[in-house]
Amino acid sequence: PTMGPGGPSAELCSLPRAGLSQQGDVPEGEQPPAAEGSDGSQPPLTLWGSTIDPNRVRTAGAVVGAYTVGQPGGALASNLLAGIAATYLAATGESLEVAVAASEPSMVSLEKGLRLGRVQAAPNAAFGSLWLVEVPHAYNLGCLAALYAALKKHMERIVEGTDGTLLVSLLGVNPNYGVLARDAYEEVLGLVAWCAEKAPALKAITLQGRDESFAELQGQLVYIQSWRGLGLVQEITTADLKPHLGYLKKFAEGSELIDEVLKGSLQEALEGMGGPNQLTSLCCAGHQIAERLLQLLGAPEKEGGLTPQDVQQLVAMGQLAPEFLEYFVKLIRVGNKAKDPGLSDTLTYVDAILSLLCMIAILMAVYSHQQAAPAADQAQAGGEWNGEGQPQQGGGGGGRGSGFKEGDWVCPACGDHQFARNMRCRRCLEPKPGTGGASAGGGGGGHGGHGGHGGPR
């Protein structure tokens, strides 16, 4: 468990790596036990969690903070940066805000409207170097991905001239724009995975936070560990994904379970594995599967693709069960990274595993619903469908699932179950019988027959 202020750091994760001979330092009063690799000379890259009072932080390493354009309190408003600023003032007699203002013109523009720069501060006891990331006011999950992609690409430069350690808070959390702590924490894990492989100058990372914040982070770590318990994941960065792709192969071969669009996406994921772009292939396939299922559940077809807000809207409309919200949001978030030329080269196994496991969870729910449908149909057997696309009294659904409600109708062209509000079939666009071909006014979904997509509803 994470200790309180003044106590030792808690190890959140530790990933094997090569090329380092000794463990880097962490803030004063936070020294963790020494870590060694299997041969005693190559220690892993470890992510530590610290709840020490920011005013007591002392590090010879690099510190990275983030701020939103125009935020109240300025660039140093966060707890960690405010504490460091107080230490800096006491040690140098100078205001850190003055140094930040003087360094602002030299900040470099990045993806998604972000800017990154080093604060030209006087030598001090608070930090070895201080870097700031400026994020735009209209913040979203795309900005979160760009923020951590920038840290990955610039990490060697960030820790240059320091003792090789990094101190950060949980950067990028903004609930007002739908960016939650678990989203940022998954990006932190991706940062560790990336740096363990490609940033030999980085020796250790310490994540600064409050006790209540770490309670949520530890919960997220347990979430990932529970996946390991299912035998799906052995290591975050070194997992061999091929054995687990058998799940996807099973779905891809089930012609009665999924439609051709979904089958194509699954086959794309399977064909891309083992190649140089296997991570991108898997993440893009997960994105395509999520979008197809969401469209079948009633989401609009949008230029540029669906967003997490579209998923939340489906939940609010009752077309997607809340427990599936996080799975779909993860697939969209990771898929958007994979499709962005400026971010795709920073994908890690963390992203691929998130996509893989979310796909499996969603498809298994669809499969379970489809398997349960015949029993429900048998209970309703004996009825027939009339010419208006509605069941006769006592009629059954013939492989269309057990969620048939008053006013729902069955497409006379393809047999799909449609909600009462749908003016066209979401699968083949056949007009609802008796409407004269009116345009669609809602989404179709929840059908467990031909497409079998009723699970997430």
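Predicted model: local features only at pLDDT ≥ 70, side-chain atom pairs only at ≥ 80, totals over all residues.
Trainee: In what order do the 8 strands of the open sheet stand?
Mentor: The pairing in this open sheet is mixed. Strand 1 (10-15) and strand 4 (108-109) stand at its edges, each with a single partner strand, so one side of each is left without a neighbour in the sheet. Reading across the sheet, the order is 1-2-8-7-3-6-5-4.

Trainee: Which residue of strand 6 does Tyr67 stand opposite?
Mentor: Strand 3 covers residues 62-68 and strand 6 covers residues 129-135. These two strands pair in the parallel sense over 7 bridges. Within strand 6, the residue opposite Tyr67 is Glu134.

Trainee: Good, now the helices: what angle does the direction of helix 3 make with that of strand 6?
Mentor: Helix 3 (residues 141-159) packs on the sheet. Its contacts there are with strand 3, strand 5 (115-118), strand 6 and strand 7 (165-169). The direction of helix 3 and that of strand 6 make an angle of about 160°.

Trainee: And which strands does helix 4 touch?
Mentor: Helix 4 (residues 181-198) packs on the sheet too, and its direction makes about 145° with that of strand 2. Helix 4 also belongs to a right-handed β-α-β unit with strand 7 and strand 8. The strands touched by helix 4 are strand 1, strand 2 (45-50) and strand 8 (204-208).

Trainee: Which residue is the bridge partner of Leu47 in strand 8?
Mentor: Strand 8 pairs in the parallel sense with strand 2 over 5 bridges, and with strand 7, also in the parallel sense, over 5 bridges. For Leu47, the partner in strand 8 is Ile205.

Trainee: How many residues of strand 8 are buried?
Mentor: Both faces of this strand are covered. On one side Ala204, Thr206 and Gln208 are buried, and on the other Ile205 and Leu207 are buried. The count of buried residues in strand 8 is 5 of 5.

Trainee: Is Leu151 buried or exposed?
Mentor: Leu151 lies in helix 3. Leaving out residues up to four places away in sequence, Leu151 touches Val64, Val133, Ile158, Leu171 and Leu191. Its relative accessibility is 1%, so Leu151 counts as buried.

Trainee: How many Å apart in space are His154 and Ala199, C-alpha to C-alpha?
Mentor: His154 is placed in helix 3. Apart from its neighbours within four places in sequence, His154 is in contact with Leu110 and Leu116. His154 and Ala199 are 45 residues apart in sequence, and their C-alpha separation is 9.2 Å.

Trainee: Last one: is helix 9 roughly parallel or roughly antiparallel to helix 10?
Mentor: Helix 9 (residues 308-316) and helix 10 (residues 325-339) have axes that come within 9 Å and cross at roughly 160°. That makes the pair roughly antiparallel. In the contact between them, Pro308, Val311, Gln312 and Val315 of helix 9 meet Leu325, Phe328, Val329 and Ile332 of helix 10. The crossing is right-handed, and the relation of helix 9 to helix 10 is roughly antiparallel.

Methods:
Residues numbered from 1 in each chain as written. Heavy atoms only, no water. Pairing = 2+ DSSP bridges. Helix = DSSP H or I, 4+ residues; strand = E, 2+ residues; numbered from the N terminus. Contact = heavy atoms within 4.5 Å. Axes fitted to C-alpha atoms, helices over the stretch in contact; angles between N-to-C directions. Buried < 20%, exposed > 50% of the residue type's maximum accessible area, 1.4 Å probe, protein only. Right-handed = clockwise from strand over helix to strand, strands pointing away. Parallel < 35°, antiparallel > 145°, perpendicular 65-115°, else oblique. Left-handed = near helix turned anticlockwise from the far one by under 90°.
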